[in-house]
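Visitor: I am new to this structure and would be grateful for a close look at a single part of it. Please begin with one residue and then describe its surroundings.

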Amino acid sequence: MTNLSPEVHCNTFKNVHLVSPLLHAYEFTTRASKNITEYEFLEEYARNRAWHFNLSKIRSFLKHRENAIVITCPNERIEWVNKGFTRMTGYDANEAVGKFPNFLQGIETSAVIRKEIREKLAIKTTFSGEVLNYRKDGEQYLCKVEILPIFNNDKVLCNFIALEREVN
């Protein structure tokens with residue numbers, strides 16, 4: 001089992017040390033390449049991070065292959081995305097890890113929605129709404145997003161998880 005200690009975690013993205021983010025991405029890739037489902041991967045990740053969060057909502061969400069999941073650290077840098085994210089956006093996991101999720105937003109993304117997301121995350125509460133995002137090829141798509149703060153057993157914020165589905 002790979003160690004996902006906080007030292008190899010998102011806060012290292014702020015540092016100049018370039019090995020830590022690569023090591024972190026390697027750990028996720030190694031674990032994700034095991035013959036386990038995305039849900040099993042998330043269960044193991046949640047256990048290692050001591051999430052105080054009921055994963056049952058994620059299980060049903062993952063039943064739809066087109067749905068995207070994005071996990072960020074408390075500083076909101078992407079740590080992991082599922083395959084649904086790649087199908088929805090056109091970006092591979094290695095293109096997303098380490099970036100802020102707003103890299104998907106563009107000129108026509110509502111400033112009001114952007115502000116609301118920032119405000120909700122700043123006070124560590126749930127955001128739910130529709131966001132106009134852009135795929136890798138520049139095509140716009142409307143996305144229903146629910147961003148949930150994830151706390152550990154000590155009530156310390158350890159991640160945000162975004163559940164995203166495209167609105168047709």
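With what relative accessible area does Ala122 stand, and is Ala122 buried or exposed?

Guide: Ala122 is exposed, since its relative accessible area is 61%; the term exposed applies over 50%, buried under 20%, and partly exposed in between, with a 1.4 Å probe and protein chains only. The model is a predicted one, in which local features need pLDDT of at least 70 and side-chain atom pairs count only at pLDDT 80 or more, while totals for chains, interfaces and linings use all residues. Residues are numbered from 1 along each chain as its sequence is written, and side-chain values use heavy atoms, with hydrogens and water left out.

Ala122 belongs to helix H6. Helices (H or I, at least four residues) and strands (E, at least two) are DSSP runs, numbered from the N terminus.

The expected span is 1.5 Å times one less than the number of residues. At the start of H6, the backbone nitrogen of Val112 has a side-chain oxygen of Ser110 within 3.2 Å. Such a polar contact is a pair of N or O atoms within 3.5 Å; within protein, one must be able to donate a hydrogen and the other to accept it, and residues adjacent in sequence count only if both atoms are side-chain atoms. After H6 comes Lys124, with a positive phi near 60°.

Ile113, Ile117 and Leu121 are its buried residues. They are placed on the same side of H6 because they cover an arc of only 65° around the axis, the arc being that of the directions from the helix axis to the C-beta atoms. On the other side, Ala122 is exposed together with Ala111, Val112 and Arg118. The cover over the buried residues of H6 includes strands S3 (127–134), S4 (140–151) and S5 (157–167), where contact means heavy atoms within 4.5 Å.

These strands belong to an open sheet of 5 strands, ordered S2-S1-S5-S4-S3 and paired in the antiparallel sense; two strands pair if DSSP finds at least two bridges between them. Strand S2 (78–81) and S3 each have a single partner strand and stand at the edges, so one side of each is left without a neighbour in the sheet. From one strand to the next, the twist averages 30°. Helix H2 (residues 38–49) packs on the sheet, where it touches S1, S2 and S5, and its direction makes about 150° with that of S2. H6 also packs on the sheet, touching S3, S4 and S5, with a direction at about 135° to that of S3. For these angles, axes are lines fitted to C-alpha atoms, for helices over the stretch in contact, and the values run from 0 to 180 degrees between N-to-C directions.

S5, one of the strands touched by H6, is largely enclosed by the rest of the structure, because 8 of its 11 residues are buried. Antiparallel pairing joins S5 to S4 over 10 bridges, and within S5 the bridge partner of Leu142 is Val167. S4 and S5 form a hairpin with 5 residues between them, and Lys155 in the turn has a positive phi of about 65°. Strand S1 (residues 68–72) is paired with S5 over 5 bridges, again in the antiparallel sense. Ile69 has Leu163 in S5 as its bridge partner, and Ile71 stands opposite Ile161 in S5.

H2, the helix that touches S1, S2 and S5, also has 12 residues, which at 1.5 Å each should span 16 Å; its end C-alpha atoms are 16 Å apart, in agreement. Its buried residues are Tyr39, Phe41, Leu42, Glu44, Tyr45, Ala46 and Arg49. Just after H2, Ala50 has a positive phi of about 60°.
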